[in-house]
Amino acid sequence: MPPVNNAGSADLDRASAVLQGARAEEIMQWAVEQYAPNIALSCSFGGASGMVLVDMAVRLDVADKLEVYYLDTGLLFEQTYELVSEVERRYGIRVSAFRPDQTVDEQAEQYGDKLWERNPDLCCSLRKVEPNFAALEGKRCWITGVRRDQSRARSKTSIVSWKPGFGIVKVNPLALWSSSQVWEYIRTHQVPYNPLHDKGYPSLGCTVCTRKIEPDSVDPRSGRWPGFAKTECGLHMNG
Ligand code: SF4
């Protein structure tokens, strides 16, 4: 596996190219060797990929070398919170929660009621992006479950890249995986997952911005921010 000496350099592109042929487990192992203990692994507990990564980290015996975290917007589904607890119990790991500065009520006082219905970009910025800065503070590497097949906006996802907005190396071990591969892994290893995935919600965010999708929908993220052109909360956008 290629060593990386300079974040933000061509080294990362080279590493990404070489790792294209590696298994996801090898990519995670490479990231740990390069950056531990300054690694954060984000898991939304509202998508299947993140669950694979958590299970993989435990199987590789590297879960204690990274910080597993989620962004608690205060508006997540009850099933999402229950899954966090289940994962902590089952794997014996601690999952960190990062929360916005303001409660939902405080946000409503400053910005008006139901900001997500008027300005979801600002709402996501306050309740997700800013807490993510706190989650990544002091870290050198951010492991995520983003995959190319999830949406057009994610179709060029690199395995390793420099994330300028957060000033961190981002590693996506499942970038080249398909949804079928994710679910095969989950079934094979009996990985816990959000029960709402079986009820028409392949991708879950906040309750107020997530809808059930049609069974024949080809876009698994089409239930997010219905009524808006928005497809990303801002965490995984470039810039
Ligand atoms: S998903 Fe909706 S409610 Fe949640 S932070 Fe974004 S805009 Fe706000």
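Student: Which rings are linked into a cluster by ring pairs?

Tutor: A pair of aromatic rings is described by the distance of the centres and the angle of the planes. Here, ring pairs join Phe133, Trp142 and Phe166 into a cluster. Rings of Phe, Tyr and Trp (its six-membered ring) pair if their centres lie within 6.5 Å; planes under 30 degrees apart are stacked, over 60 edge-to-face, and the rest tilted. Keep in mind that this is a predicted model, where local features need pLDDT of at least 70 and side-chain atom pairs count only at pLDDT 80 or more, while totals for chains, interfaces and linings use all residues. Residues are numbered from 1 along each chain as its sequence is written, and side-chain values use heavy atoms, leaving out hydrogens and water.

Student: Which charged end sits over the ring of Trp142?

Tutor: That of Lys170, 5.0 Å from the ring centre. The criterion is NZ of Lys or CZ of Arg within 6 Å of the ring centre and within 35 degrees of the ring normal.

Student: How many aromatic pairs does the structure hold?

Tutor: There are 8 aromatic pairs. In one of them, the ring centres of Trp183 and Tyr193 are 4.8 Å apart with planes at 90°, so this pair is edge-to-face. Trp183 lies in helix H8 (residues 179–189) and Tyr193 in the segment after H8, 10 residues apart. Helices (H or I, at least four residues) and strands (E, at least two) are DSSP runs, numbered from the N terminus.

Student: In what order do the strands form the open sheet?

Tutor: Strands of a sheet pair through backbone hydrogen bonds, either parallel or antiparallel. In this model, 6 strands run in the order S3-S2-S1-S4-S6-S5, with mixed pairing. The edge strands, S3 (95–98) and S5 (160–163), each pair on one side only. Pairing requires at least two DSSP bridges between two strands. Strand S2 (residues 67–71) pairs with S3 in the parallel sense over 4 bridges, and Tyr69 stands opposite Ser96 in S3.

Student: How many disulfides are there?

Tutor: A disulfide is a covalent bond between the sulfur atoms of two cysteines. The structure holds 0 disulfides, the cut-off being cysteine sulfur atoms within 2.5 Å. The sulfur of Cys141 is 16 Å from the closest cysteine sulfur, in Cys43, which is too far for a bond. Cys141 is buried, at 0% relative accessibility.

Conventions:
Buried means under 20% relative accessible area, exposed over 50%, partly exposed in between (1.4 Å probe, protein chains only).
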